[in-house]
Amino acid sequence: MTTVPTWVSIAEQFHDPAETRFELSPAPDASSSEKLVMQMPIGRWRNPATGAVSAGLLAMLVDSAGGTADFLAFGGDRATVTSELSVDLVAPLPSTADVATSSGRTVAVDAATAMASSTIAVDGAVVGYGTVRTMPVPGAATPLGAMPADGLSGGERDDLSLMLGLGASIDDVTDGESVVALPDPCLQNGIGIVHGGIIVAAAETVASVTMNRGRTAPLSTGAIRANYLRPMATGGDARYEARIVRAGRGTAVVDVTAVSADGKTAAVVRVTGYAVGA
């Protein structure tokens with residue numbers, strides 16, 4: 001079984017621009033837990049469609065804690081990538097949310113994949129659960145060199161769209177439309193590709209805007225399913241394309257395709273929204 005002291009020593013060796021931007025850090029009680037626990041000051045970042053706390057950012061916590069647990073399950077000496085991620089919310093996110101946490105525990109591992117489960121909490125109350133499936137890739141886990149300078153400051157750091165590198169088209173996205181994924185080195189993970197949690201958080205934001213266009217009573221994200229197909233690079237033709245699968249009175253399903261700078265599909269993310277209380 002992996003232990004938190006090993007995790008902390010590994011984490012200290014890596015520079016992760018995306019997790020630094022969103023202020024992810026080990027939870028204060030991480031050293032006394034068998035699980036790998038990450039935290040984030042989530043109350044700062046609001047969904048542009050609903051004004052609610054971002055559900056998509058919870059995927060960053062799940063990916064960080066669960067992905068690190070899986071990394072260590074493989075021995076901590078090989079680079080790993082996330083192949084699948086899920087988030088299921090079982091309670092509405094509180095409007096006064098402050099800090100979100102996610103645990104990570106590897107529940108299965110073999111030569112090809114590892115899977116970690118997570119419990120997600122906001123201000124100490126459980127709001128959902130997540131899973132991460134991880135695959136090792138050839139080569140050692142080589143950390144980035146110098147941390148890139150973050151071009152966002154002041155009030156810009158409270159704007160979720162700017163923090164996720166989403167272009168101005170986020171305000172106008174509708175079914176079948178796309179949102180530009182702007183070039184930004186601070187969206188990378190510790191091995192130099194766009195952080196898997198960033199991809200899901202951006203996709204969930206685009207999906208939420210799409211499904212709530214024209215609604216008087218907004219839908220809240222209840223479930224997220226992501227499949228990663230290849231590494232994503234921003235800039236060039238990078239974008240998030242939204243397609244409504246179903247839109248009803250009390251629920252909606254939106255598929256978002258994350259397209260890399262070279263025009264190839266990097267990930268597919270399905271987001272399900274529900275009317276609160278439905």
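Visitor: Let's begin with one residue. Where does Ser118 lie?

Guide: Welcome! Ser118 lies in strand S6, which covers residues 114–122. Please keep in mind that this is a predicted model.

Visitor: Is Ser118 buried or exposed?

Guide: Look at the relative accessible area, where anything under 20% means buried. Ser118 has a value of 3%, so Ser118 is buried.

Visitor: Which residues is Ser118 in contact with, leaving aside its neighbours within four places in sequence?

Guide: Those contacts are Val62, Gly66, Ser102, Ser103, Gly104, Gly128, Tyr129 and Gly130.

Visitor: Now for charged side chains. How many salt bridges does the structure hold?

Guide: There are ten salt bridges in the structure. One of them joins Arg21 to Asp150, with the closest N and O atoms 2.7 Å apart. Arg21 belongs to helix H2 (residues 17–21), while Asp150 sits in the loop between strand S7 (125–136) and helix H4 (160–163), so this pair ties together parts that are 129 residues apart in sequence.

Visitor: Is Arg21 buried or exposed?

Guide: Arg21 is buried, with a relative accessible area of 1%.

Visitor: Which residues are linked with Arg21 in a network of salt bridges?

Guide: The network links Arg21 with Asp150, Arg157 and Asp184.

Visitor: What do the side chains of Arg44 and Asp158 meet in?

Guide: Arg44 and Asp158 meet in a salt bridge, at 3.1 Å from N to O. Arg44 is in the loop between strand S2 (38–40) and helix H3 (58–73), and Asp158 is in the loop between S7 and H4, so the pair ties together parts 114 residues apart in sequence. Arg44 counts as partly exposed at 28% relative accessibility, and Asp158 also counts as partly exposed, at 40%.

Visitor: Which residue forms a salt bridge with Asp255?

Guide: That residue is Arg270, and the closest N and O atoms of the pair are 2.7 Å apart. Here the link runs between two strands: Asp255 is in S11 (residues 251–259) and Arg270 in S12 (residues 265–275), 15 residues apart.

Visitor: What are the relative accessible areas of Asp255 and Arg270?

Guide: Asp255 has 12% and is buried, whereas Arg270 has 37% and is partly exposed.

Methods:
Residues numbered from 1 in each chain as written. Predicted model: local features only at pLDDT ≥ 70, side-chain atom pairs only at ≥ 80, totals over all residues. Heavy atoms only, no water. Helix = DSSP H or I, 4+ residues; strand = E, 2+ residues; numbered from the N terminus. Buried < 20%, exposed > 50% of the residue type's maximum accessible area, 1.4 Å probe, protein only. Contact = heavy atoms within 4.5 Å. Salt bridge = Lys/Arg side-chain N within 4 Å of Asp/Glu carboxyl O.
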